[in-house]
Amino acid sequence: MPFRMGKEYFKEKRKIPIESRFDVVVIGGGIAGVSAALASKRNGCSVLIIEKTVFLGGLATSGLIGIYLPICDGYGTQVTFGIAEELLNASIKNDYNTLSDEWRYKRADSSTSSRFQTDFCPSAFTLTLDELVEKENIIVYFDTLFCQPIIENKKCKGVIIEDKDGTKCIFSKYVIDTTGDADCIFRAGSPCSLGKNYLSYWCYCISDSSIKKANEKKELKAALKLQMLGAGSAGINAPHGYSTYYGTKASDVSRFVLDGRKLLREKLLKNDENYSIPITLPTMAQFRTTRYVEGHYLLKKTDVNKSFYDSVGCIADWRKRGEIYEIPYRCLVPKERENLITAGRTISSAGDTWDVTRVIPAAALTGEAAGTAVAIAKHNQCNIHEVPIDQLQRLLKENGNKIHIN
């Protein structure tokens, strides 16, 4: 196959060994990928997760985004259930949490002002995610790069990967793209759209003064601080002097990572005790939005509190109260391919609504929907876009999911 090198090409021709075959290959072991794998496996599929790092969880673990955002509407009503709630509980299973008593004991009602959300320890969550996939006998290839989809007619027959053994081919009946960047779907030729990112950087820091206070209280946790630098959602407080980033080219990824660490160094040079000693740095680029697939429906702001016939579940706007979105199945299904589906921040959702659908609860919900859908497709021997919606909704309901707002 040709590899682009500037304006020239280097032609390579070789035989690539077929290593194995699976019902489902999940590309990317973030929250969406883990959720998709769990749903596929629990519904009778053989599943492989391909993960480029050595951690499951993606931004929630490698990216140090240790906040499980709300799965309630802000007025005491839970709206997201199923694997999304299962993973919220898993995130705090072996460490601290910040759940309010109303949600801890499920006593919330319309007078509840707190939201069903929690902080968690990314490292502890990593261990719990390992435990979950091991319990389900899901195979994971860590430190493995997805290279290319194998396309024949409109179907993706499998993927080319690269690991310590070299280049391999994995055949599968269905592929779930949870790369966070729609890498597989984009390389398969299905249309995608780009987002952009402002510089932001999250890390864990500790300071001399906080260590002393913690020692006095004999509480080491009091010394640790999740430090959030740079731009917030929608570019608010973006650092001066830094451009925007798209995150879909190697040079852009490198620039974002190095600029983030430079931003941290600039804070350290101020001798501010809150930034004195960085303890843990993210091991992946903390992009919010890169690509989304151009699916059969584009979710947008005007769809708030709207019902869809093909909804796969509900998510709350984590930034405000009372705004709920149903997620149409069509948002997960890319155009022009028969056995590819996506989940997580790459679903067909644009503008302000992309900021709602890119976070952990939405990733878990859409991952469960995608994994359930491919299991149905396998059973029915049909394509992704032919999955019976009533059957998909029934299975999701059986796992506790709320399909419609009302």
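In which handedness of crossing does helix 2 pass helix 9?

**View 1. Packing of helix 2 and helix 9.** Helix 2 passes helix 9 in a right-handed crossing (the near helix is turned clockwise from the far one by less than a right angle). The model is predicted, and local features need pLDDT of at least 70, side-chain atom pairs pLDDT 80 or more, while totals for chains, interfaces and linings use all residues. Residues are numbered from 1 along each chain as its sequence is written, and side-chain values use heavy atoms, without hydrogens and water. Helix 2 (residues 82-91) and helix 9 (residues 360-380) pack at about 130 degrees, with axes 7 Å apart. Axes are lines fitted to C-alpha atoms over the stretch in contact, with angles from 0 to 180 degrees between N-to-C directions; helices are DSSP runs of H or I with at least four residues, strands runs of E with at least two.

**View 2. Salt bridges of R319.** R319 forms a salt bridge with D317, the closest N and O atoms being 2.8 Å apart (a Lys or Arg side-chain nitrogen within 4 Å of an Asp or Glu carboxyl oxygen). D317 is buried at 0% relative accessibility, whereas R319 is partly exposed at 28% (buried is under 20%, exposed over 50%, partly exposed in between; 1.4 Å probe, protein chains only). R319 also forms a salt bridge with D352, again with closest N and O atoms 2.8 Å apart. Shared partners join D317, R319, D352, D355 and R358 into one salt-bridge network.

**View 3. Salt bridge between R330 and D310.** The closest N and O atoms of R330 and D310 are 2.7 Å apart. D310 is buried, at 1% relative accessibility.
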